[in-house]
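Please read them with the coordinates open.

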Amino acid sequence: MTTTLITGANKGLGHETARRLIAAGHTVYLGARSTERGKAAATELGARFVQLDITDDASVAAAVATVEADGGLDVLVNNAGIEVRSPQGAVIGAAELTADVLREVFETNVFGLVRVTHAFLPMLQRSAAPVVVNVSSGLASLARGGQGYPGAAYPASKTAVNMLTVQFANAFPAMRINAVEPGYTATDINGHAGTQTVEQGAEIIVRMARLGPDGPTGGYFDAAGPLPW
């Protein structure tokens with residue numbers, strides 16, 4: 001039985017990924033900051049709820065203890081992420097970007113991802129087929145130059161995620177560690193303006209979460225294949 005933890009999984013892409021992996025036979029820990037919303041989502045899906053605020057050391061440590069007590073972890077999906085917008089809901093571009101905004105976005109999207117990954121590494125190293133999936137974005141691609149999107153903090157945070165993915169993959173060659181681009185999916189992070197459904201967006205996350213030991217590692221993929229860095 002494959003045991004999987006998904007961060008930020010009470011809604012959106014994380015929720016759909018949990019649903020699909022449960023259907024594929026995984027035991028899924030649904031991580032969420034809100035106990036009420038997380039428990040409701042876990043009950044709906046048949047997942048195990050674990051309270052998890054990836055910006056809080058104590059919360060992450062408690063989640064590690066919970067998962068370890070039940071036997072360990074094989075797959076980690078770092079899905080939780082945020083984008084900060086203006087009080088009017090506008091995207092914050094380079095001209096308006098402040099250090100405080102950048103810090104807030106990086107605290108979840110980068111530091112939170114590292115906090116969780118570092119904490120669960122000992123468990124993953126004990127797995128026969130450990131996998132880490134980092135949910136990135138096509139906006140992280142330097143080769144694509146931001147694809148015309150004016151926001152600064154969110155793409156920068158995901159570019160950092162891509163480099164961290166490469167470095168973790170280099171450090172742990174026995175693991176399959178990859179970054180994925182779900183596509184422009186209708187979720188809360190973009191006010192449901194995305195052009196894809198969560199079912200479409202979760203496709204590449206689920207695919208990479210199910211990799212075997214012979215699968216790729218240190219890569220950056222969308223549903224169609226590898227992306228340019």
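Predicted model: local features only at pLDDT ≥ 70, side-chain atom pairs only at ≥ 80, totals over all residues.

1. On burial terms: a residue is called buried under 20% relative accessible area, exposed over 50%, and partly exposed in between, with a 1.4 Å probe and protein chains only. Ala62, with a relative accessible area of 42%, is therefore partly exposed. This residue sits in helix H3 (residues 57-69).

2. Residues are numbered from 1 along each chain as its sequence is written, and side-chain values use heavy atoms, with hydrogens and water left out.

3. Secondary structure. Helices (H or I, at least four residues) and strands (E, at least two) are DSSP runs, numbered from the N terminus. The protein chain has 6 helices and 8 strands. Their order along the sequence is β-α-β-α-β-α-β-α-β-α-β-α-β-β.

4. Overall dimensions. The radius of gyration is taken over C-alpha atoms, and the globule rule is 2.2 Å times the number of residues to the power 0.38. For 229 residues a compact globule would come out near 17 Å, and the 16 Å of the protein chain agrees with this. Along the principal axes, the C-alpha atoms fill a box of roughly 50 × 40 × 30 Å.

5. Contacts and burial across the chain. Of the 229 residues, 52% are buried. Contact means heavy atoms within 4.5 Å. Taking contacts between residues at least 6 apart in sequence, 66% join residues at least 24 apart.

6. Surface and charge. Accessible areas come from the Shrake-Rupley method with a 1.4 Å probe, and for residues only the protein chains shown count as cover. The protein chain exposes about 10,300 Å², of which carbon and sulfur atoms supply 54%. For charges, Lys and Arg count as positive and Asp and Glu as negative, without His and the chain ends; each charge is placed at NZ of Lys, CZ of Arg, CG of Asp or CD of Glu. The mean positions of the 16 positive and 20 negative charges are 3 Å apart.

7. The sheet. Two strands pair if DSSP finds at least two bridges between them. The 8 strands of an open sheet are ordered E3-E2-E1-E4-E5-E6-E7-E8, with mixed pairing. Strands E3 (48-51) and E8 (225-226) stand at the edges with a single partner strand each, so one side of each has no neighbour in the sheet.

8. Which strands does E1 pair with? Strand E1 (residues 3-6) runs parallel to strand E4 (residues 75-78), joined by 3 bridges, and pairs in the parallel sense with strand E2 (residues 27-32) over 4 bridges. Thr4 has Val75 as its bridge partner in E4 and stands opposite Val28 in E2.

9. Burial of E1. In a regular strand the side chains alternate between the two faces of the sheet. In E1, Thr3 and Leu5 on one side and Thr4 and Ile6 on the other are all buried, which covers both faces. Thr3 has 14% relative accessibility and therefore counts as buried. Not counting residues up to four places away in sequence, Thr3 touches Thr27, Tyr29, Gly72, Leu73, Asp74 and Val75.

10. Strand E6 (residues 176-180). Here 5 of the 5 residues are buried, so E6 is largely enclosed by the rest of the structure. Arg176, Asn178 and Val180 point one way, and Ile177 and Ala179 the other way. Strand E5 (residues 131-135) runs parallel to E6, with 5 bridges between them; among these, Val131 is partnered with Arg176.

11. Two loop residues. Gly81, in the loop between E4 and helix H4 (99-125), counts as partly exposed at 32% relative accessibility. Arg210, in the loop between helix H6 (198-209) and strand E7 (220-222), is exposed, with a relative accessible area of 52%. Leaving aside neighbours within four places in sequence, Arg210 is in contact with Leu21, Ala24 and His26.
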